[in-house]
Amino acid sequence: MTEDACQRYLEDPEANAAHLQTCAECRAVSAALSAKAGGEPTSIDVNTLPLAPWEGSSHRPWPLVLGLGAVLVIIALALCDAAGMSPVHVAESSLASMEAIRRFVNSATTSLRGASFGWQIAFGAAFLIVNALLVLLLRRSPRGIDA
């Protein structure tokens, strides 16, 4: 028995399995470890594990969500009244600002249509690459007990 041979066996037992025939100490350590390990690892019954709060919860907070939405609408109406504006005027001004955004998007698409063919190909390729990356990220398996 040499320290180097024992160290090589401990680092890679499968490659140095012949070392067990020549070293009684390593044979005893291997027997003790295999007896302690007990053979096959036990499988986990997932059904016996406790549920996380979001996995089997019967409580649904929809009354809370609807109540908060109603409170926000009441606050918005109170602010409109305090400012002396009608909710219809606020909606019309919001639509006017949306019209400005719509004009910007239309001008961007018009400029893309007017761009050279190379730029259009580059934009299309970038679009496809980004979306392919997003799909790959979404299809990746989650980390957890079943990973």
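Helices here are DSSP runs of at least four residues, and strands are runs of at least two, numbered from the N terminus. The model on screen is predicted.

**Whole chain**

Start with the protein chain as a cartoon. By that definition it has six helices and zero strands. Read from the N terminus, the order of elements is α-α-α-α-α-α. Now switch to a surface view. The protein chain exposes about 12,900 Å², and carbon and sulfur atoms supply 67% of that area. Of the 147 residues in the protein chain, 5% are buried.

**Helix 1 and the cysteines**

Select residues 3-11, which form helix 1, and pick out Cys6 within them. Cys6 counts as buried because its relative accessibility is 9%, and buried means under 20%. Cys6 and Leu20 are 14 residues apart in sequence, and their C-alpha atoms are 9.1 Å apart in space.

Show the cysteine side chains next. How many disulfides does the structure hold? There are zero disulfides in the structure. The cysteine sulfur closest to that of Cys6 belongs to Cys26, at 3.5 Å, which is too far for a bond, because a disulfide needs the two sulfur atoms within 2.5 Å. Cys23 is likewise in no disulfide, its nearest cysteine sulfur being that of Cys26, 3.6 Å away. Cys23 counts as buried because its relative accessibility is 1%.

**Helix 2**

Move to residues 19-22, helix 2, and select His19. Is His19 buried or exposed? His19 counts as buried, at 9% relative accessibility. Display what surrounds this side chain, leaving aside neighbours within four places in sequence: His19 is in contact with Ala5, Cys6, Tyr9 and Cys26. Two of these names, Cys6 and Cys26, are the pair of sulfurs 3.5 Å apart from the previous stop.

**Helix 4**

Select residues 62-83 for helix 4. At 1.5 Å a residue, the 22 residues of helix 4 should span 32 Å, and the end C-alpha atoms are 31 Å apart, so the two figures agree. Step just past the end of helix 4 to Gly84, which takes a positive phi of about 80°.

Go back and color Val71, Leu72, Ile75 and Leu79. Together these residues make a nonpolar surface patch of about 390 Å². Zoom in on Leu79, one of the residues of helix 4. Leu79 counts as exposed because its relative accessibility is 57%, and exposed means over 50%.

Which residue forms a salt bridge with Glu99? The partner is Arg102, with the closest N and O atoms 3.2 Å apart. The structure holds one salt bridge. Glu99 is partly exposed, with a relative accessible area of 33%.

Methods. Residues numbered from 1 in each chain as written. Predicted model: local features only at pLDDT ≥ 70, side-chain atom pairs only at ≥ 80, totals over all residues. Heavy atoms only, no water. Patch = residues over 30% accessible without salt bridge, like charges linked within 9 Å, V, L, I, M, F, W, Y side chains within 5 Å. Areas by Shrake-Rupley, 256 points an atom, 1.4 Å probe, with all protein chains shown as cover. Salt bridge = Lys/Arg side-chain N within 4 Å of Asp/Glu carboxyl O. Buried < 20%, exposed > 50% of the residue type's maximum accessible area, 1.4 Å probe, protein only. Expected span 1.5 Å × (residues − 1). Contact = heavy atoms within 4.5 Å.
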